[in-house]
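Please look through the sequence and the structure below before reading on.

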Amino acid sequence: MSVLHAQQNPQLNRHGELTHLLSIEGLPREVLLRILDTAAPFSEVSEREVKKVPLLRGKSVFNLFFENSTRTRTTFEIAAKRLSADVINLNINTSSANKGETLLDTADNLAAMQADMFVVRHASSGAPHLIAQHLGATGHDHIHVVNAGDGRHAHPTQGLLDMYTIRHYKADFTQLTVAIVGDVLHSRVARSQIHALTTLGVPEVRVIAPKTLLPTGVERLGVRVFNDMREGLRGVDVVMMLRLQSERMQGALLPSTQEFFKSYGLTPEKLALAKPDAIVMHPGPMNRGVEIDSAVADGGQAVILPQVTFGIAVRMAVMAMLAGSG
Amino acid sequence: MPTSLPDAEALCNALADTLRAHIDPAATALVGIHTGGVWVAERLHAALGLKIPAGSIDVSFYRDDYHQRGLHTNAKTSQIPFEVEGAHIIIVDDVLYTGRTIRAAMNELFDYGRPAKIDLAVLADRGSRELPIAATFCPHSLNLPDAQMLALERAADGRLAFRLVAKEAATESPATPSRAKRGGSGNK
């Protein structure tokens with residue numbers, strides 16, 4: 001990696017090592033592959049009698065959740081604990097008036113408590129990046145930041161665990177057709193998935209959604225857009241469903257969830273249009289009967305629970321790589 | 001520099017002969033340390049006709065230089081296909097050096113259970129120990145300057161051979177060699 005690149009990318013240190021994980025966008029293919037390769041031996045750790053390795057012994061990992069999430073927070077907590085770190089969970093109310101100041105004040109306070117890593121979830125895009133920048137500017141660049149989901153921007157560990165899952169079942173990225181289906185507009189997961197898939201060389205990434213749930217200019221990310229789900233699913237190897245984020249919707253983007261299910265819900269009948277060995281993924285939590293039929297969610301092609309298991313290994317790999325960087 | 005390197009094939013045979021006299025083939029489990037130790041363990045397993053499948057261990061997650069050198073690239077998955085609790089285990093490696101790898105391997109094994117007994121079998125002991133660890137079975141000892149590493153290699157036809165490499169090249173680097181804060185070794 002060129003020195004210039006390393007200097008420009010806030011996620012890489014001057015030796016080109018991953019020091020923060022803020023976004024998949026801008027990470028070179030080799031770094032993504034190295035994370036996936038590193039995750040494989042970590043997945044074995046979780047099957048042992050003692051599900052723990054000593055890499056982060058004596059390190060303090062702070063889960064800073066400015067937005068609720070039981071699931072993601074729990075998987076990060078498990079991953080950090082299986083690396084022997086001490087984990088401190090902070091659920092921070094975002095309703096205070098001056099959010100920018102609160103965010104950096106919080107970071108300063110935790111840095112003063114000798115934190116080693118921040119896992120940050122925030123409703124505002126760019127919040128983890130801002131914290132990482134601030135830590136660098138205040139002489140705390142030994143504290144590593146992991147983005148656990150920021151606004152509509154990115155959810156890099158979800159994107160990575162999805163790639164790990166695809167590689168587990170499909171091996172070669174460069175032979176695949178992958179469809180991402182549903183509420184792309186509100187989805188930071190979709191953005192991370194698209195960047196990861198294109199970086200890893202997937203030749204055809206499709207996005208299937210109604211026009212009202214597509215961000216403008218999504219084609220520029222290198223995807224083929226389909227408004228008709230049946231047409232879009234034809235011959236795909238991987239179906240990645242998204243959660244319909246009703247809580248983020250203002251106004252009438254959709255007639256009703258029933259209407260949405262009729263057009264964009266994954267049913268056995270629609271799934272039959274994909275390749276017979278296609279896998280079905282979902283980042284959870286699922287809205288059964290809204291974006292996915294129970295017969296598919298619980299069916300033989302679904303790999304939704306393995307995604308959760310792989311997510312622990314991928315998060316362990318990311319944290320171990322960050323904490324071990326200079 | 002020694003005029004001739006030990007013959008790895010001959011040492012493999014000698015080690016197998018020694019072990020044959022000391023072990024119960026139905027109740028002894030081998031665990032090879034990646035990568036050279038795994039090759040030697042495979043050989044010994046076949047030569048001794050052991051009943052318990054051989055395990056393999058990659059000590060990347062237990063190394064004592066993680067905070068200096070970062071996480072090892074190309075960490076392999078450890079595979080222990082037998083019950084560690086109460087087992088007689090022989091840890092197998094190619095070369096015994098500082099003893100730090102063996103310390104890490106023992107720590108890792110105890111996370112699978114409490115073995116009844118652990119022995120250590122290596123092809124060669126090159127001295128320079130940094131921990132109070134000794135091999136139970138070792139057919140060859142030699143002294144090497146600190147700047148040199150004794151590396152085991154496996155040819156396409158499966159034959160094992162030793163080679164001398166300069167330490168800098170032998171250092172299995174973390175992400176970038178330039179970062180090493182400590183002039184480290186292969187941590188054996």
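## Briefing on the two chains

In chain B, 4 strands make an open sheet whose order is E2-E1-E3-E4, and their pairing is parallel; two strands count as paired if DSSP finds at least two bridges between them, and helices (H or I, at least four residues) and strands (E, at least two) are DSSP runs numbered from the N terminus. This is a predicted model, in which local features need pLDDT of at least 70 and side-chain atom pairs count only at pLDDT 80 or more, while totals for chains, interfaces and linings use all residues. Residues are numbered from 1 along each chain as its sequence is written, and chains are lettered from A and ligands numbered from 1 in the order in which they are written.

**The sheet of chain B**

- Strand E2 (55-57) and strand E4 (117-125) of chain B stand at the edges with a single partner strand each, so one side of each has no neighbour in the sheet.
- From one strand to the next, the twist of this sheet averages 30°, where axes are lines fitted to C-alpha atoms (for helices over the stretch in contact) and angles run from 0 to 180 degrees between N-to-C directions.
- Strands of a sheet pair through backbone hydrogen bonds, either parallel or antiparallel.
- Strand E1 (residues 28-33) and strand E3 (residues 88-96) of chain B pair in the parallel sense over 5 bridges, and B:Leu30 stands opposite B:Ile90 in E3(B).
- Helix H4 (residues 100-110) of chain B lies across E1, E2, E3 and E4 of chain B and runs at about 155° to E3(B).

**Chain B as a whole**

- The secondary structure of chain B comes to 5 helices and 6 strands, and along the sequence the pattern reads α-β-α-β-α-β-α-β-β-β-α.
- Of the 188 residues in chain B, 41% are buried; a residue is called buried if 20 or more other C-beta atoms lie within 10 Å of its own, exposed if 12 or fewer, and partly exposed in between, with C-beta atoms placed from the backbone.
- Among contacts in chain B between residues at least 6 apart in sequence, 69% join residues at least 24 apart, a contact being two residues whose C-beta atoms, placed from the backbone, lie within 7 Å.

**Helix H3 of chain A**

- The 13 residues of helix H3 (residues 70-82) of chain A should span 18 Å at 1.5 Å a residue, and the end C-alpha atoms are 18 Å apart, which agrees; the expected span is 1.5 Å times one less than the number of residues.
- Buried residues of H3(A) include A:Thr72, A:Phe76 and A:Ala79, and what covers the buried residues of this helix includes helix H2 (29-45), strand E1 (60-65) and helix H12 (304-324) of chain A.
- After H3(A) comes A:Ser84, whose phi is positive, near 75°.

**A five-stranded sheet in chain A**

- Chain A has an open sheet of 5 strands in the order E7-E6-E5-E8-E9, with parallel pairing, and the edge strands, each pairing on one side only, are strand E7 (224-226) and strand E9 (279-281) of chain A.
- Neighbouring strands of this sheet are turned by 20° against each other on average, direction ignored.
- Strand E6 (residues 204-208) of chain A pairs with E7(A) in the parallel sense over 3 bridges, and A:Val207 stands opposite A:Val225 in E7(A).
- Strand E8 (residues 238-241) of chain A is covered on both faces, with A:Val238 and A:Met240 buried on one side and A:Val239 and A:Met241 buried on the other.
- Strand E5 (residues 177-181) of chain A and E8(A) pair in the parallel sense over 4 bridges, and A:Ile180 stands opposite A:Met240 in E8(A).
- E8(A) also pairs with E9(A) in the parallel sense, over 3 bridges, and the bridge partner of A:Val239 in E9(A) is A:Val280.

**Where the chains meet**

- In total, 20 residues of chain A are in contact with 18 residues of chain B.
- On the side of chain A that touches chain B, the elements giving two or more residues are H2 and H12 of chain A, and H2(A) gives the most, with 5 residues.
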